[in-house]
Amino acid sequence: MLNTLIGDVGHLGVIVAFVAAIVAAYSYYKASQGRVLGDTDAAWLRLGRGAFALHGLAVFVVIAALFGIIHGHRYEYYYAWSHSSNHLPVYYMISCFWEGQEGSFLLWIFWHVLIGFVLMRYSRRWEAPVMVVFAGVQLFLTSMILGVVLGGLKIGSSPFILLRDFMPDLPVFKLNPDFVPKDGTGLNALLQNYWMVIHPPTLFLGFALTLVPFAYAIAGLWKGEFTKWVRPAMRWTLWGGLVLGVGIMMGAYWAYETLNFGGYWNWDPVENAVYIPWLVLVASLHGLVLWQRSRTALRTSFVLVIATFLLVLYATFLTRSGVLGNASVHSFTDLGLSGQLIIYLMAFVVLAIALLVWRWKQIPVSEKELTTYNAELWVFVGATVLCLGAFQVLWTTSIPVYKAFMGFIGITTNVALPADQIQHYTKAQLWMGVGVAFFSGLAQVMWWQKNNKESLTSSLTVPGILTLLGAALVILLVQYYGLKMEATYIVLLTAALFGVLANLGMVFTLMKRKVSLSGGGVAHIGIALMLLGILASAGYSNIISQNVSGLLYSREFDETTNRDNVLLWRNDKAPMGKYDVSYTGQYLDVPGVPGYVDKQLLFRTADEYKALARADIKRGDKLYYKAGDTVEILPENTYYRVEYKDRKTGEAFTLYPRAQINEEMGDGLLASPDIKQFLSHDIYSHVSAVPPPDKEKDWSEVKEHVLSVGDTIFLNDYLAVFRGVEPAHQTAGLGLTKGDLAIQGDFLVMGEKKQYHVHPVFVVRNRLIGRVPDEVEDLGLRLSFLNVDPEKGKFTFGVSTTQKDYIILKAVEKPFINLLWSGTLLMAVGFGMAIYKRRRETEAFVDPADGEKVLNVTPQPKARQVA
Amino acid sequence: MSSAPGGANLLYPDMKKAHILAIAVIAVAIGIIMSAAGDASVYVSFKEARERAAEGNLTKVHVVGRLPRDVQQNIMGLEYNPTLDPNYFAFTLVDTNRIAQRVVYFNPKPQDFDKSEQVVITGAMRNDLFVADKILLKCPSKYVEKDIKDATASVN
């Protein structure tokens with residue numbers, strides 16, 4: 001049933017939201033124009049508020065409509081058809097929502113609406129100028145999903161387009177214009193992961209939060225209020241740093257768990273596009289802190305706060321315009337919005353820079369001279385290091401943009417991204433890490449005390465000595481384990497240890513004074529731990545699946561190349577590192593049954609989501625399915641059971657790396673790793689290849705054996721006993737009726753690990769003979785019951801064999817990766833503490849002039865501004 | 001101007017810390033740009049890749065090409081035998097100038113290889129072979145327009 005109403009409602013909602021955003025922007029502008037901050041024209045303000053409220057309401061309607069389309073499996077809509085399917089659980093339907101560009105724009109718009117409502121309620125005299133910026137951004141964002149054609153010009157891409165309008169040439173629509181597909185094409189398998197349910201909203205909330213400080217900065221410049229915006233901007237920046245930072249790391253964790261490139265970070269342009277604004281955001285945060293404490297670096301703060309948001313816009317442009325093309329594996333599809341995206345980006349770049357230039361001379365600069373003994377100087381240097389790190393990633397990530405731009409002005413270049421991106425980025429980012437860890441430790445120690453040569457020396461001695469001792473110990477341990485440590489790694493190790501220890505010392509001191517002061521210290525410890533975790537897990541990641549069989553195929557080169565994948569025959573074992581590893585079969589996920597279920601227990605039916613149990617499915621004593629029951633299965637992913645056994649200790653564990661053959665990806669193998677986590681390291685393994693699945697198995701010619709009960713024979717090199725013939729049980733889909741005769745042979749085959757019962761079935765129905773062969777996947781063996789000779793008591797069986805099943809596995813050991821995740825948590829806690837502290841601060845110091853109060857300014861003899 | 005201790009200030013008494021910092025920042029930024037220029041790779045043809053190798057230039061390059069297919073649309077010249085060596089995959093790639101080149105890849109064969117229309121490889125020539133360390137596949141339907149067959153298949 002074609003339902004166009006819900007789409008029309010949604011589309012109307014988008015148009016209303018767009019128009020309301022224009023009205024809100026204009027009204028807020030008129031309400032504030034030509035007046036000082038806090039003075040507004042009441043009528044325009046009312047109109048602005050009403051318009052933004054209407055905008056928000058319309059956005060909610062749009063979201064409800066789109067979700068209704070996905071949830072209701074309304075495949076007449078292209079969005080539902082291309083992103084969802086019937087068997088998708090509800091929580092992944094949420095992921096469908098933002099799998100497409102339009103939905104992710106909508107998510108972003110949604111967060112802006114919520115934050116906009118908060119600002120309307122609480123930002124008081126800042127409301128009008130701040131909301132001008134907000135409504136301005138919203139009008140650009142809603143235009144992206146407008147889906148309106150004006151005089152041949154397409155504005156935006158609507159998520160409510162019908163399939164028949166999207167693909168009008170489909171023959172089926174000529175026959176039946178109201179045709180509705182029965183199922184959708186489904187959500188990209190890699191996105192069917194719980195992190196993908198929460199990672200995008202977190203990231204977009206982070207993006208949305210960067211708009212607030214930007215809006216305050218713009219409002220400050222516009223209204224000539226150059227200092228009072230800092231306090232509210234500060235708190236929002238902290239929120240942004242927290243949410244964006246956590247969002248990025250969620251993405252990293254998702255990549256670690258789901259993708260098979262072997263790590264959490266790949267320097268993919270899409271990842272970089274988010275990393276860059278976060279670095280600049282953190283730098284801007286330090287600029288704001290400097291202003292609040294020492295009345296310095298205000299211009300820097302303006303520039304960095306504005307740059308953060310502009311970089312978010314640039315990230316949007318990079319990932320959504322198609323400019324990355326071949327350079328990224330996971331940027332969005334090009335929807336032909338490049339022009340619109342460039343206008344959006346340029347509008348804000350030009351506006352923000354023009355405002356800055358106009359007001360630059362009026363922005364107060366500090367008279368203070370910063371000396372070497374000022375913590376402020378080192379905070380500033382640290383922020384500079386962050387910006388340089390961001391600049392490096394930005395400069396290289398933009399290579400496809402230069403290429404596109406040169407092409408646009410008619411110059412063809414053949415420039416490409418570095419062939420070894422990891423090496424390229426690491427060599428600079430490593431030094432940024434060194435700088436961040438070192439300066440965060442140094443500045444943190446200096447921040448809370450009066451500094452001169454003596455005091456500084458005395459307070460740096462203890463962390464300094466501990467750092468050197470710790471570093472020496474680690475270096476010795478690394479050598480003890482026979483690993484090399486390059487000079488750069490030693491520097492990073494020492495700096496990161498110093499970062500941890502110096503900040504830790506300060507946190508302990510501050511705990512005695514007031515816990516909430518130590519947020520910065522805690523976050524810095526988190527960052528330094530993350531650096532240590534990255535150093536260990538990336539610098540010393542160890543591929544244990546080296547090909548040690550001695551069987552090398554390479555005839556062209558003598559020198560050894562990396563051979564990082566090992567072939568594992570089913571039920572054979574191979575040595576890997578300190579483990580013996582064996583592949584013991586294919587499993588499926590059966591909802592309701594803990595763990596995975598062996599495919600050999602499941603008789604697949606025509607409905608790929610249903611199977612019949614060949615035997616009881618039990619876990620311990622608990623019976624989940626009886627033999628013959630219909631079992632609901634999730635057929636997409638195959639889980640390859642891989643057993644690891646420590647040769648020395650005998651300790652064993654099992655991993656189930658999974659893979660799915662995905663038609664949409666050109667029958668590609670989407671392999672996801674499985675990870676065994678130890679305290680000190682992870683064992684990470686994924687399948688790299690499996691036997692070609694699309695082909696029918698290559699069975700050998702059927703060989704006939706005539707047997708009597710009790711005979712033994714060799715089947716595919718396995719000893720088998722023909723134990724007898726019995727009436728066939730009502731098994732797997734035979735559908736026996738009265739008058740049918742069904743018997744089955746009973747074979748016992750001795751495999752490497754266990755014995756298999758094989759029951760080929762012989763059926764006589766209405767004088768017709770039917771045969772149901774039985775297969776042992778483990779052994780690559782198929783038996784069919786061909787004939788009965790009752791007189792002689794002989795039975796004929798057909799035996800065919802196939803190549804045994806195998807997987808190609810890659811396994812990597814990642815030392816101390818837990819430091820990275822725990823560091824992330826600590827960083828988040830630190831941000832949280834800083835937010836909490838500033839909440840208290842507002843309560844304590846709120847005054848009519850927006851609560852400006854300088855805390856603990858160390859008197860300086862003579863001062864000057866640093867930037 | 002306070003006589004702040006610090007080596008640079010003693011050497012250049014007029015030089016303010018801000019200037020030193022600014023110079024350092026500019027120097028690092030230039031270093032970053034130079035390093036990006038140095039590390040940036042190029043898209044080349046196989047002819048150029050061979051010339052580079054002949055000159056002893058072993059830096060890695062990008063080559064864009066297509067896989068040669070026979071009349072049945074099967075890719076010609078694929079060589080992958082995992083039971084012999086799972087880490088050896090060889091194929092022939094025809095670049096945009098129609099020059100064919102044998103390529104080896106010391107990794108398992110990417111499973112979506114057969115369906116890909118366009119292939120981007122990075123690596124360098126060694127002897128007569130192009131040794132690829134990265135293969136980027138451009139599949140006709142990857143993330144882009146999905147197969148229309150799905151829609152027609154469900155008619156009835």
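Helix α16 (residues 421–447) and helix α18 (residues 487–513), both of chain A, have axes that come within 8 Å and cross at roughly 25°. That makes α16(A) roughly parallel to α18(A) (angles under 35 degrees count as such). Their crossing is left-handed: the near helix is turned anticlockwise from the far one by less than a right angle. Axes here are lines fitted to C-alpha atoms, for helices over the stretch in contact, and angles run from 0 to 180 degrees between N-to-C directions.

This is a predicted model, where local features need pLDDT of at least 70, side-chain atom pairs count only at pLDDT 80 or more, and totals for chains, interfaces and linings use all residues. Residues are numbered from 1 along each chain as its sequence is written, while chains are lettered from A and ligands numbered from 1 in the order in which they are written.

Now to another helix. Helix α10 (residues 230–258) of chain A has 29 residues. From first C-alpha to last, α10(A) reaches 41 Å, close to the 42 Å expected at 1.5 Å a residue (1.5 Å times one less than the number of residues). In α10(A), 24 of the 29 residues are buried, so the helix is largely enclosed by the rest of the structure. Buried means 20 or more other C-beta atoms within 10 Å of the residue's own, with C-beta atoms placed from the backbone.

Next, a sheet. Chain A holds an open sheet of 3 strands in the order β9-β10-β13, with antiparallel pairing. β9 (602–604) and β13 (630–632) of chain A stand at the edges, each with a single partner strand, so one side of each lacks a neighbour in the sheet. Strands pair if DSSP finds at least two bridges between them. Strand β10 (residues 610–613) of chain A pairs with β13(A) over 3 bridges. Lys610(A) has Glu632(A) in β13(A) as its bridge partner. Helices (H or I, at least four residues) and strands (E, at least two) are DSSP runs, numbered from the N terminus.

Conventions:
Buried ≥ 20, exposed ≤ 12 C-beta atoms within 10 Å, placed from the backbone. Parallel < 35°, antiparallel > 145°, perpendicular 65-115°, else oblique.
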